[in-house]
Amino acid sequence: MNEKGYVLSMSVVGGLISTYFQQYGIIFIFVAIAICFDVITGLVASAYNGIPITSDRARRGFWKKVCFLLAVFLGIFMDAFIPQLVLMVGIKLPFNLPFGCIISIYVILTEAISIAENIFKVNESSMPKWIIGLLKGYKSKIEEMEDKK
């Protein structure tokens, strides 16, 4: 299974489990922590590698994080709104909807990849070799997609 399929499948499984227990608060805290940790490791990697932090780069990163949070809020809204909508037409869903949790888990996993990449940029020996291989493969796939554009 490729990395994107792994992230998606883990998002769905984690989202279904957390939906069952209705743990939106703790999941949202994990999203916020992942976003903050990604920003911190990104700043460390930039400083270590001598890459200046420009206002344009910071602005794009800020709006990316805002969109992650908006996606989580949209998922939680859909979890609350859709059951109410179908209830209006007389249908009661026998289960909780997993949109908010699946989106949250996906954001957390996406941020985890970015955090690992930032750590790798500073110190390659701080992670097991299989993670380094995974990151190098991921990076080459991104570069291949960029070359095709």
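Predicted model: local features only at pLDDT ≥ 70, side-chain atom pairs only at ≥ 80, totals over all residues.
1. As to the overall fold, the chain contains 5 helices and 0 strands. Its elements follow the pattern α-α-α-α-α along the sequence. Of the 149 residues in the chain, 28% are buried.

2. A nonpolar patch on the surface deserves mention. Leu-74, Phe-77, Phe-81, Leu-85, Met-88, Val-89 and Ile-91 form this patch, and together they present about 740 Å² of accessible area.

3. One member of the patch may be considered individually. Met-88 belongs to the patch and is located in helix α3, which spans residues 55-88. A residue is exposed when its relative accessible area is over 50%; Met-88 has a relative accessibility of 68% and therefore counts as exposed.

4. Pro-94 is situated in the loop between α3 and α4. The relative accessible area of Pro-94 is 75%, so this residue is exposed. Pro-94 and Pro-83 are 11 residues apart along the chain, and a distance of 9.7 Å separates their C-alpha atoms.

Technical notes:
Residues numbered from 1 in each chain as written. Heavy atoms only, no water. Patch = residues over 30% accessible without salt bridge, like charges linked within 9 Å, V, L, I, M, F, W, Y side chains within 5 Å. Areas by Shrake-Rupley, 256 points an atom, 1.4 Å probe, with all protein chains shown as cover. Salt bridge = Lys/Arg side-chain N within 4 Å of Asp/Glu carboxyl O. Helix = DSSP H or I, 4+ residues; strand = E, 2+ residues; numbered from the N terminus. Buried < 20%, exposed > 50% of the residue type's maximum accessible area, 1.4 Å probe, protein only.
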